[in-house]
Amino acid sequence: MSTATTSDLQAFQQTIREGIPEVLPPARPLDPSVSHAPKRKDILTDEEKKLALRNALRYFHPKHHATLAPEFAQELKDLGRIYMHRLRPEHPMHARPIDHYPAKSRQAAAIMLMIQNNLDPAVAQHPHELITYGGNGAVFQNWAQYRLTMRYLSEMTDEQTLVMYSGHPLGLFPSHPDAPRVVVTNGMMIPNYSKPDDWERFNALGVTQYGQMTAGSYMYIGPQGIVHGTTITVLNASRMLKDGRGTQGRLFVTAGLGGMSGAQPKAGNIAGVVTICAEINPAAAYKRHEQGWVDEVIADADACIDAALEWQRNGEAHSIAFLGNVVDLWERLAARNIKVDLGSDQTSLHNPWAGGYYPVGLSYEESNALMVQDPAAFKERVQETLRRHVAAVNSLAEQGMYFFDYGNAFLLESLRAGADIAGKNGEEFRYPSYVEDIMGPLCFDHGFGPFRWVCTSGDPKDLATSDRIAAEVLEAMLKEAPAEIGQQIADNLHWIRSAQENKLVVGSQARILYADSEGRIRIAQAFNEAIKRGEIGAPIVLGRDHHDVSGTDSPYRETANIRDGSRFTADMAVQNFVGDAFRGATWISLHNGGGVGWGEVINGGFGMVLDGSADSDRRLRSMLLWDVNNGIARRAWARNPNAVWSIEQEMKRTPLLKVTLPNEAEDGLIDRVIG
C-alpha cells in the first residue's frame, strides 16, 4: 500500500471513529453532478417546523446551534427536509474491503461495508439525501445519523447490539454473541397514523423514515437484484402466452429507469426480448445508458417504436429508453395498432404525489414545480394521466398483450383514480399482479426467492469463485430435482452461469439468484467451507430482498396470491423478523412501507455474516430453514397447492418440523349451507 493510500485510509478510519465532529466542517452547497431528491411537500405548521428544528439540533452541542439553526431552517424551507448536508463526509462513499473498516467486531465491519454500498453514488438514486431507491427509500434521515451509526459500529463488540429507530441510532445495548449485532426498524407507526401525508409530516419532523425494503436495511446491491427478478418474470410471462414461441422476437413495453426499475431493459436483454422502457427524467435515462443497462435512448415515440420493430424483425434482443412520458408511448402504440407481447409498469406509483409518477403534458421540470406549488392540481393531473394510461393498455390487451402489474401499485392507484381497471366476476383488477400469476405460485409457494451474497473482500475473484460454487450446487440439485421445481432451478442455473458476462455488478461484489430452502442452505454451507479453506479470502454477507417468501406481508404484491382473507394481516413478516433474530441473523430489519407504499405493507429482512466457522454453519442452517419455511407454511395454510406440496417435502427432510396443514371443504357443501 502506498504512503498516500495509507494516509487516505487512516483519515477515513479517523472520520469513522470521530462520529459527529467536535469542530463543524464547512457548509457544503448542493453538488449539481449528482441526482437530488425532489423538494418535499410543505406540510408542517410553524410550530411543527420549530419542533423539526429542535429535533435536528439535538444531535449537536449547544455551542453549534447558532450556526446550524438558520442553516437547517433554510434546508427545511428549500428542500422540505433537514438532511444536514454540511455533515456529509469528505471521503468517497463506496463499499471498501472489510479490513479497511475500523472495528472491534468483524460482523460490525461487514455492516459498515453494506451501509456505504447503499450510499454509493453509483448505486443510490439520491445519494446526498441518503436515498437509495424508489424516490424515498432512505438509509438514514440525515448525515448526523450516518456519522453516529458508523462510530457506534466501530466501537461495538460481539457483546453489544445497536438499536436503530428509523435511521436514528438509539444506542449500543449489552447483549450476547448469538444476538443480532444490529436491530433496525423503519416507519413503524401506530396504524391510524400510516397514511401518505403522515409519512410526509413525521419524516419532516425527523422522527421516522421510509426504508423501502433493502435501502433502510443495508442490503441493496444495485439494480442487479431486480434484474434477476425481472429476468425470471419476463421468462415466465412469455410462457404465460402459451404459444410455444419462447422469448425471441417478443416486444416488452414498460416504464421506469430510476432505482429498482432501472434494471428492466437489462433484464429484457438477458431474457431475449426487445424492450421499450419509458423514462421522463433525462438524468435517469442517460445514467442507465452510461452504465450499459439500456442500449440506446430515443426521445421521439414513433422513432422509438420503429427502432423496436426493426430489432424484432432481426430476432435480436435489444433495449430502448423512450425519453418521455409513458402515456405518450402507450397511446402511440395503440394508435398504430402495434402488436405488443408483454406490458407492465415500474414507475414508483407507491409514491404517486411526490415524484413517483409524472403527469402527461408537462415536462419533468414543470411537474416537479407543480407538485410543490399546487399539490392538489398535481394529484388531479396524475390521476387523469392514469386514466389515459389504462385506456391505452386496455386497447392493446384486447389484441392479445399479456399485461401484468409489477408490484408498484399501478393497479391500485389506477383504480383509485377511476380508471377502467376493475375486474369481472369478483376479481379486484382486470389484470393480475406478477405475484398472482408468476412469482406466487411458481416461486414463493415453492420457497424460491432472492438469495443474495456480498464478498466483503471486494475482490472480483472471490465473486467468481462464489458463482462457480453456487452453479455446482444448482447442477447437483437439478439432477435430482422433482418436476415441480426443475424449471426454477434450471432458470437460475442459466442465470448464474451467465452472471459474469452480463456485467451485473454495480458497487459491492454481490450476486443474487433464486433458491428454495434446501438450495440456500447448501449454497451457504459451500461458501462457508470455501472461506474456511481459504478459497474465498474474506467473509461473505448473506441476505435477501424482502420481496420474498416469508419476509413481506403485502396484499397487492408479495401476498397477492393468498386467498383465505389473511393477505391484509402482517403476522408472517413480524414472525419472520423475530424468528431470524434468535436463530442467528447478524442483523434484522422490520419496515412499514416498501415497494407498494407507506401503510400498504410490512416487510422484514436480515443480513448474516459467514466467516468459515462452525458457528456460522450452525447459524445458517437454523436461520435459513426458518426464513423460508415460515412463509411456505403460511401459504400452505392458505390452501395454496404448491405450498402444501413444498412444506410436505420439507417435513420429510426435517423431522423436527411439524406444520398445521389445511383440510379442504367441498364447494357444493359450502354453496348449500350459504345460499
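Author: Contact here means heavy atoms within 4.5 Å. Helices (H or I, at least four residues) and strands (E, at least two) are DSSP runs, numbered from the N terminus. The model is predicted: local features need pLDDT of at least 70, side-chain atom pairs count only at pLDDT 80 or more, and totals for chains, interfaces and linings use all residues. Residues are numbered from 1 along each chain as its sequence is written, and side-chain values use heavy atoms, with hydrogens and water left out.

Reader: What covers the buried residues of α8?

Author: Buried means under 20% relative accessible area, exposed over 50%, and partly exposed in between (1.4 Å probe, protein chains only). The cover of the buried α8 residues includes α7 (224-240), β6 (251-255), β7 (274-279), β9 (318-323) and α17 (483-498). Because 7 of the 8 residues of helix α8 (residues 264-271) are buried, this helix is largely enclosed by the rest of the structure. Among the buried ones are Lys-266, Gly-268 and Ile-270. After α8 comes Gly-272, with a positive phi near 100°.

Reader: How do α2 and α6 pack, and at what angle?

Author: Two packed helices are described by the angle between their axes and the distance between the axes. Axes are lines fitted to C-alpha atoms, for helices over the stretch in contact, and angles run from 0 to 180 degrees between N-to-C directions. Helix α2 (residues 46-57) and helix α6 (residues 196-205) pack at about 50°, their axes 8 Å apart. That makes α2 oblique to α6 (under 35 degrees is roughly parallel, over 145 roughly antiparallel, 65 to 115 roughly perpendicular, the rest oblique). On the α2 side, Glu-48, Leu-51, Ala-52 and Asn-55 meet Arg-201, Ala-204 and Leu-205 of α6.

Reader: How many aromatic pairs does a search of the whole structure find?

Author: A pair of aromatic rings is described by the distance of the centres and the angle of the planes. Rings of Phe, Tyr and Trp (its six-membered ring) pair if their centres lie within 6.5 Å; planes under 30 degrees apart count as stacked, over 60 as edge-to-face and the rest as tilted. The search finds 20 such pairs. Phe-60 and Phe-72 form a tilted one, 5.8 Å centre to centre with 50° between the planes. Phe-60 lies in the loop between α2 and α3 (65-79) and Phe-72 in helix α3, so the pair ties together parts 12 residues apart in sequence. Phe-60 is buried at 5% relative accessibility, and Phe-72 is buried at 0%.
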